[in-house]
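Please look over the sequence and the model shown here before reading on. The report is meant to be read beside them.

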Amino acid sequence: MATARVPIQVAQQRQGVPVGMPAARAPMVASANTTGDAVSRLGAGLGQIASAADRLQREQSTAWVSKAASDDSIKWMQRLNELQDSAAPGAPDFTPNLLKEFDDYTSQAIENAPESARPFYREQLTRQRTYLGLKAVEFESGSQRAYITSQYQTGMESDAAAIALDPALYQERRAARVAALNSSSLPDGVKAKLLGESESTLAYAAGAALIDRDPHAAAQAFDAASRGEVSTGFDWIARLDSDKIQQLRTRAQTQTDRLDNRARVEQDRATARAQRAIGEVDKQIATGVPARTDDMLRWAGMVAGTDFEPQYREMMRGQEEVQQVLRLPIPEQAAYIQEKRLAQQRGGASTTDIANLDRLSRAFEANTKMLQESPLSWVENRAGSPITPLDVSQLAAPNGPATIGQTLRDRSDVIRGLQAANPPGAVQMRPLLAPEAEQLSTTFKSAGAREKRQLLGQLYWAAGSPDTYQGIVNQVEGIDPFMARLGRLAGSYEEAKLTNNWLSSDVVQSAGDAAATAIAGDEILRAGGKSGTLSYPLPKDAEFTQAIADKVDNLYRGATAGDSGGQAFLQDAYAVKAYYVGRAAQEGDLSPDVNDERLNQAVTAVLGQPVDFHGNGQVLAPWGMNEENFLARANKAVFREISSRGMQEQLGRSMSNTGLIGVGAGAYAVTLGGLPIRDPATGEPVIIQMTPDADAGRDEFGQRLSDQIPGATP
C-alpha cells in the first residue's frame, strides 16, 4: 500500500515589479558615502531574503505533513475496517500482520516525502502506528474470545444434536461439557453464561428426545417433578427454567393425548369392522347360500384379534344371530369438568383457576361439537389419523360404487366406533368431508333428472348400509327425504310391468327410469307446474291424496303401538304425485283431472305392487315383483321362518290366516289377527326378507356376480 510522495519544490523568493507600474524611485538626497552605504544596504537585504525563505520552507513542510498525516489517518482507519471485516475466525496474527503492512507503507512514504518534512512526518506516522496497534490488539483479543465462545457454542449444539438422536448420551456429554467450560480461561461472566446455556440446551434436547420416545413416562416424570420428586433418567428436568419446562410438558401431554386417542380410534375401528363382519355373516346365513371362500377369509380378517372372533367361529358352525356388544363409556372429560366446577363452587377458587377451567370448558365444547358434527375431522385433528380425500366424480364411472364404496364403508366403521364409544346422539354419521359434500351438492344441483337418478343410485350402492346412505343424504344440500327415497329406488336394477293390457302393449319400466320420471315431476311441482316454456295443470292436493288413499290406504297400518303410518303415507303420496306429474309431462297430458290408469302406474312405479296377503291387509311387494310371484315366495318364506323357529305346531292351521306388515325395504313382519307374531324363545318379531331377482345376484357394490366369473355371459 506504499504511496509515492512528490517532493514539494521550494520557490525562490524574488522581488518583482508589477507589470504596468512604474519602478520606485529613490529620494533625491545627497549621500556622504555613496558606495559604502550601498554595500551595507545590499547585505542587509540579502539577509532578510534568506530568513524569509527559511520561514517559507518550514511553513510549506508543516502544511504538507499536516495534509499527508490526515490522509494517512483516514486511509488506515478504512484499511483497519477492511481487514477486520475479512479477518478469519479468531483473527489469528491480525496485529503483527497489520503493523508489518503499516511499517512497509511508512518506509515508502517517508522516502517519497520532501526531505525537509521527513522528521515531522515520521513522528506523525509513529503516532498513527501506536493507534493502529492498540486497535488491532483490541480487535484481535475480542475476536479470539468470540471465536473461542463460538467454538464452545458449536460444540454445545453438536452435543445437543447427538443427544437428540440418543438421549443415553446426555450424562456423558453434559459432564464433558461442564468440565471443559470450568477449566477454560474465559472471563467469569462469559463462562457462567456458557454454562447456563449448555445446561439448558442439553437438558432440553434430552427432554425432547425422551418425550418423543416415551411421552407417557415423560408426562409422569413432569408430574413427579412438580411434587419435588426426581424420576430416574429424568434428572434433566431440574436444569430447565419454568418456560422450557412448560414447553416440554405441553409437548409430552399433547403426544400422550394423541397416542391415547389414536389407540382408542384403532380399537373402535377394529370393533366396528368386526361388528360389520358379523352383520354380513348373519345376512349370508339367512339367505341359505354358502359363503364364498374369499368372503369367509375377509370376515375372518375383520374379526381377528377382537372379542367377536369366537362368535364368528360359532356362527360358522351354524349359530343364530350374535349378541352385539355395546360400548357405553362414561364421558370422562365432562365428568372431570363437572367435578372441578363443583369443587370451585364449594371451596372457592382464584381468578386464575376459574379462567383455566373456563378455557378447558370451551375447549371441551369445541371438541364435542367437532366430534358430533365432523367426526372425520375429529379423527384427523385429535387422533392424528389422516383421512384420504375422495374423488366423488368417480361416482359417474360404471364401477363408481366399488371405487369409492370401500372408503366410505371404512369411514363409516370409524364413525360407528366413535358412536359406540360415546353417548347416543354424541356422534352423527357424517361419512363425507366438507369439500366432498360441497362438490357432491354442486354436481347434484346442476344435474338433470336422469343424472340425479344415476347419482342417487350410485350413492345408494356405494354407501352399503342405511345409516351411511342417510348420513350422506343429510350432508348433501339438495337431497331431501323425497330424493333419498328415490335414491333407494334408483339403486334397484329391477324392471316392473306397470300396466297389464289385453289389447295394447304392456307398460314396462326400469326402477331407474321410474326414479328419473319422479325427479322430473318433482321439479315441475317445485316450479308451480312449469317446465321450461310449458305449464302443466296440477291435480288438486285433496282430490289427488284421496285418490291415492282409496288405492293404498290399507298399506299404512303401523307396525308398532301408536304408529298410524300417517307420516309414511304423506311422503309416499308426494312421491306418487311427483311420478304422476312427470309421466303426464312425458305424455303431453295437460288435463287437471286425475287419470286413474296413470295413477295406478304411479303407485306401482314408486311404491311397488300392492298385494292383499291372505285377505289380512295390503303390503307392497318388492319393487318389480308381481302379485302372483310375491304370494308364492312370501308363503314359502313365512313357512320356512316359522319352521326354523319350531313354531309350526303352535300356529297349526292358523298359518293360512297370517298377514304381513311392511317394516322396511323388502322386509315384512308376520302377523296374526293384525298383531306381529313374536318368537317365544327370544321375544323378537318374526321377519321375512325378500329381494327382487335383479338385485339378488349382485355383490355389495351392485355389480353382477356373473360378470365377475371368467367366461360367464351376462
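## Basis of the model

This is a predicted model, in which local features need pLDDT of at least 70 and side-chain atom pairs count only at pLDDT 80 or more, while totals for chains, interfaces and linings use all residues. Residues are numbered from 1 along each chain as its sequence is written, and side-chain values use heavy atoms, with hydrogens and water left out.

## Helix α21

Helix α21 spans residues 596–606 (helices are DSSP runs of H or I with at least four residues, numbered from the N terminus). Eight of its eleven residues are buried, where buried means under 20% relative accessible area with a 1.4 Å probe, protein chains only; among them are Arg598, Leu599 and Gln601.

At the start of α21, a side-chain oxygen of Asn595 lies within 3.0 Å of the backbone nitrogen of Glu597. Just after the helix, Gly608 has a positive phi of about 115°.

Note on methods: Buried means under 20% relative accessible area, exposed over 50%, partly exposed in between (1.4 Å probe, protein chains only). Helices (H or I, at least four residues) and strands (E, at least two) are DSSP runs, numbered from the N terminus. A polar contact is a pair of N or O atoms within 3.5 Å; within protein, one must be able to donate a hydrogen and the other to accept it, and residues adjacent in sequence count only if both atoms are side-chain atoms.
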